[in-house]
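The briefing below looks at charged pairs, nonpolar cores and a surface patch. Please read it alongside the coordinates.

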Amino acid sequence: MFPGPLGLSLAGKALATGLWTLEPIDIRAHAHDKHRSVDDTPAGGGPGMVMRADVLARAVDVAVGTDDARPRLAMSPRGLPLTQSRVATLAKGAGAVILCGRFEGVDERLIEGRGFEEVSIGDYVLSGGEIAAFVLLDACVRLLPGVMGKEASGAEESFSQGLLEYPQYTRPQLWEGRSIPAVLTSGDHAKVDAWRRAEAERLTRTRRPDLWAAHLGAAGKPEKARTRRANKPRRDG
Ligand code: SAM
């Protein structure tokens with residue numbers, strides 16, 4: 001499955017030029033029976049299969065090594081949710097060892113015994129960890145120096161300042177009766193910045209009250225002012 005979509009576009013170019021590397025490990029190659037089994041039935045009964053701790057440990061120990069200091073991340077819906085700040089930290093680091101589960105998941109002893117941290121990409125269940133790993137890798141790779149063009153910086157994007165990004169527009173000026181907000185074509189950079197900031201705040205407040213509360217908290221605003229501002233009705237929603 002790898003590099004899959006990460007072999008295309010910006011991530012793919014960066015992979016081809018060595019800005020980042022990927023070493024997929026075939027867990028089955030570390031199985032020890034003739035069927036190359038990596039899973040078995042769940043202890044305690046129930047549906048599905050569980051990935052075996054002994055086979056996974058061999059894959060980790062042989063392919064990764066026991067003294068590899070990179071963070072070990074097991075993709076799992078039970079993990080802490082992946083955030084942009086975690087992505088940024090990972091992108092600045094030495095890389096990561098990523099474990100992609102299948103079936104009902106991974107024997108808990110492997111997670112504990114090999115020091116894996118469970119990471120979730122959202123509150124839904126995928127059939128395998130590979131797509132979750134694509135998400136994690138894509139989010140990290142685009143932040144590596146030299147991957148995004150100069151023009152595309154991560155500094156103003158959603159989450160980077162604790163807010164969602166403001167709406168974006170491009171030509172044509174008029175499309176199906178809808179025009180670009182006049183301020184954006186006014187040439188007045190201060191007004192553009194103010195508009196963008198207000199829109200970012202409006203979108204965050206209405207769509208993501210959790211982020212908005214954290215943003216207000218981080219800004220150190222007093223509780224009364226926070227509530228008044230957050231509840232203030234707006235004609236445009
Ligand atoms: N039985 C598990 C549970 O209920 O928590 C779900 C297992 S899921 C079918 C199989 C694998 O997909 C998991 O081991 C994990 O690697 C991956 N996966 C599924 N949903 C995920 C998510 N939201 N975030 C990260 N990985 C996920």
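In this predicted model, Arg 52 counts as partly exposed because its relative accessibility is 24%, and Asp 40, at 39% relative accessibility, is likewise classed as partly exposed. These two residues form a salt bridge in which the closest N and O atoms are 3.9 Å apart.

**Salt bridges**
- The Arg 52–Asp 40 pair links distant parts of the chain, with Arg 52 in the loop between strand S2 (50-51) and helix H2 (53-64) and Asp 40 in strand S1.
- Arg 102 and Glu 130 form a salt bridge with their closest N and O atoms 2.9 Å apart, and this pair joins the loop between strand S4 (97-100) and helix H4 (108-113) to helix H5, across 28 residues.
- Within that pair, Arg 102 is partly exposed, with a relative accessible area of 31%, whereas Glu 130 counts as buried at 12% relative accessibility.
- Glu 157 and Arg 142 meet through their side chains in a salt bridge of 2.7 Å, N to O, and both lie in the loop between H5 and strand S6 (174-175), 15 residues apart.
- Salt bridges that share partners join Asp 40, Arg 52 and Asp 54 into one network, and the structure holds 13 salt bridges.

**Nonpolar cores**
- The largest nonpolar core has 21 residues, and those touching the most other members include Leu 6, Trp 20, Met 75 and Leu 136.
- Helix H5 gives the most to this core, with eight residues.
- Apart from this core lies another of 17 residues, among them Met 51, Val 60, Leu 110 and Phe 116.

**Surface patch**
- Met 1, Tyr 124, Leu 126, Ile 131 and Val 135 make a nonpolar surface patch of about 470 Å², in which Tyr 124 counts as partly exposed at 45% relative accessibility.

Note on methods. Residues numbered from 1 in each chain as written. Predicted model: local features only at pLDDT ≥ 70, side-chain atom pairs only at ≥ 80, totals over all residues. Heavy atoms only, no water. Patch = residues over 30% accessible without salt bridge, like charges linked within 9 Å, V, L, I, M, F, W, Y side chains within 5 Å. Areas by Shrake-Rupley, 256 points an atom, 1.4 Å probe, with all protein chains shown as cover. Salt bridge = Lys/Arg side-chain N within 4 Å of Asp/Glu carboxyl O. Buried < 20%, exposed > 50% of the residue type's maximum accessible area, 1.4 Å probe, protein only. Core = buried A, V, L, I, M, F, W, Y, C linked by side-chain atoms within 4.5 Å. Helix = DSSP H or I, 4+ residues; strand = E, 2+ residues; numbered from the N terminus.
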